[in-house]
Number of protein chains: 2
Amino acid sequence: MRIALDALGGDHGPAPNVAGAAAAVSAAPDLTVVLVGDQPRIEALLAAAAVPPGRVEVVHAPVAVDMREKPAEALRRKPDASVFRCWQLLAEGAVDGLVSAGNTGAVVAGGLRTRKFLPSVHRPGIAAVMPTAKGRSVIVDVGANVAPKPRHLLEYGVMGSVFARKILGVDRPTVGLMNVGEEEGKGHDLVQKTYDLFRAGPLKDRFVGNVEGRDLHRGAADVVVTDGFTGNVVLKLSEGVFEFVMGMVGREVLGALDGEKDKAAAAVKGLLAKYHYSAVGGAPLLGVDGVCVICHGSSDERAVANALGVAARGVRERVNDAIVAELEALPPEE
Amino acid sequence: MRIALDALGGDHGPAPNVAGAAAAVSAAPDLTVVLVGDQPRIEALLAAAAVPPGRVEVVHAPVAVDMREKPAEALRRKPDASVFRCWQLLAEGAVDGLVSAGNTGAVVAGGLRTRKFLPSVHRPGIAAVMPTAKGRSVIVDVGANVAPKPRHLLEYGVMGSVFARKILGVDRPTVGLMNVGEEEGKGHDLVQKTYDLFRAGPLKDRFVGNVEGRDLHRGAADVVVTDGFTGNVVLKLSEGVFEFVMGMVGREVLGALDGEKDKAAAAVKGLLAKYHYSAVGGAPLLGVDGVCVICHGSSDERAVANALGVAARGVRERVNDAIVAELEALPPEE
């Protein structure tokens, strides 16, 4: 299979992308990576990397979208930027999927322009895997769709559930709705209507109802559905609180120790590595006809390689075939 | 001054409320607490507590609103429930403020029914104090108003800013808007319009723009404004991630130690106590003509006493006079 990698995406330019591609093809014999970016720079980096012959290709697209650029403006002013070229390759059938650590809004905007969605998907949503006390949960959407309709959230529940089954290996994933209280009738109009759709739809037996902020990391549901605004805040806040708490632990717990300080520091370092975003491997944009994985802007080689791995696995496990089948079981939109 | 306490509010019934009242009046010589609830039970508890004579009164209101009861139904079916009686006392001028650890929705609903708002306040909002790497921030709203208008958020910025100055002692508090990215133009219609209102209003010199989830606990702004849906998720999620991370630290860091395990455990315990909600002292419902402080449902004696202290301080520092003056400086609503 072939995955396009936006080699200009991310805070650190092509280096971690090229290194990540080299690591990913070494790990997956069925994978070819198409590096999309500034060809001379990429080839210089490739020459220094140990890449199995014929497993990495380069497409020249030297224009980058800046991390702070407005997506709509970027689309208008730079239609051939590397991230948009990745989408073009997908639309042409030249690749099976794409991975980018670039401007998330631009990745999503490129997808919306291409409109290469699966049948019966209204709007793609980004799924993020979060660690919980019970293992892992998927939260959809974390930023593709900040003002969704109830139907979109219902579709996110279905797609997240297929992702949890196929990629996280959860047999019958439970689905919950992020809300401000557990009881039915809580929250604004969007969540109340979405709640009713889940109760009436094919996921009703696995729908656990509303999930509050404090229950998310307790593992209240395998799949947590929310609008892209709340989901984005949840994802970044979780990272922020983790960083904040580990900082305090570093100061106040390690600071209280003498002889065993090094032992504790090693355990803290282990926790940081285990829960660092790069261990997760990027967030898939579900609903695209193909595979699209979005990485953290500060992704290093390991994060890029993991994201390519997730993309390859998405193709291999035919996640989209299962999504299409399950979406077809939804009642028609009213 | 006189503060009404909903003695039936909270998960643990009257005991922590009565004990909290006793502790609060002992700490503040100018405070009288009016315990509103089941008179015989309260008097039995009072007899066992050491309360300075004449500093605690009792109003008989034996009906409680359940923690899971729908606020609108409770208002209709139990108009004389203890929490609503607290609001009646405030409306009659019999008390200067009220404190409740009961059903948050019912506390807010009682306030909305009484409509005892400050002039030019459209909708009250709940302010919560959160620990950050730089000290403390106030986030408004954390659940009173899940579908606000931009004007409401502008008013939350003003009210939160007065609270930060008067109660947290921040000289010129900065104000930020919770959003999915730092750049102007990010997010849905509500935050885009609110952004413009802040840029054009009297807080413009202290408005730091958008604040992302990962920057909140870094202390990106002294006051963070958001809709009550997002704010409620933020508050509870912060608590949940804190609990999750401290659980891992307990297992994996303490578990790695031998001789100094007790020292590390004491430091962990210290952190838990320092950042436990009961140290914060309840969340004020800003915009009410009077003082209203809402506590966590699982509040213990210390949390109730702290909340009564916050309420008393709000009266003493004339927070509302400053709020009214600053709201008058806002441009008229379009």
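Chain A has an average pLDDT of 94, and 99% of its residues score at least 70; pLDDT is the predictor's confidence in each residue, from 0 to 100. The structure is a predicted model, in which local features need pLDDT of at least 70, side-chain atom pairs count only at pLDDT 80 or more, and totals for chains, interfaces and linings use all residues. Residues are numbered from 1 along each chain as its sequence is written, while chains are lettered from A and ligands numbered from 1 in the order in which they are written. For the complex, the predictor gives an ipTM of 0.94 and a pTM of 0.94.

**Relation of the two chains**

- The same surface serves both copies, since 100% of the contact residues of chain B recur in chain A; two residues are in contact if their C-beta atoms, placed from the backbone, lie within 7 Å.

**The interface between the chains**

- In total, 52 residues of chain B are in contact with 52 residues of chain A.
- On the side of chain B that touches chain A, the elements giving two or more residues are helix H8 (228-253) and helix H9 (261-275) of chain B; helices (H or I, at least four residues) and strands (E, at least two) are DSSP runs, numbered from the N terminus.
- H8(B) supplies the largest share of this side, 21 residues.
- The residues of this side of chain B comprise 25 nonpolar, 13 polar and 14 charged; Ala, Val, Leu, Ile, Met, Phe, Trp, Tyr, Cys and Pro count as nonpolar, Asp, Glu, Lys and Arg as charged, and the others, Gly among them, as polar.

**Domains of chain A**

- Chain A is assigned domain 1 (1-121 + 287-320) and domain 2 (123-281), with bounds that come from an automatic or database domain assignment.
- The C-alpha centres of domain 1 and domain 2 of chain A are 25 Å apart.
- Domain 1 of chain A brings 21 residues to the contact and domain 2 of chain A brings 15 residues.
- Helix H5 (104-114) and helix H11 (301-316) of chain A are the elements that give two or more residues to the side of domain 1 that touches domain 2.
- H11(A) gives the most to that side of domain 1, with eight residues.

**Nonpolar core**

- The largest nonpolar core has 226 residues, of which A:Leu308 and B:Leu308 touch the most other members; such a core is a set of buried Ala, Val, Leu, Ile, Met, Phe, Trp, Tyr and Cys residues joined through C-beta atoms within 7 Å.
- A residue is buried if 20 or more other C-beta atoms lie within 10 Å of its own, exposed if 12 or fewer, and partly exposed in between, with C-beta atoms placed from the backbone.
- Not counting residues up to four places away in sequence, B:Leu308 touches residues including B:Ile3, B:Leu5 and B:Val99.

**Backbone details**

- The peptide bond from A:Val140 to A:Asp141 is cis, with omega near 5°, and A:Asp141 is in the loop between strand S6 (135-140) and helix H6 (150-166) of chain A.
- A cis peptide bond also joins B:Val140 and B:Asp141, with omega about 10°.
- A:Ser120 is not a glycine, yet has a positive phi of about 70°; A:Ser120 is partly exposed, with 16 other C-beta atoms within 10 Å.
- A:Arg318, likewise not a glycine, has a positive phi of about 50°, and counts as exposed with 11 C-beta neighbours inside 10 Å.
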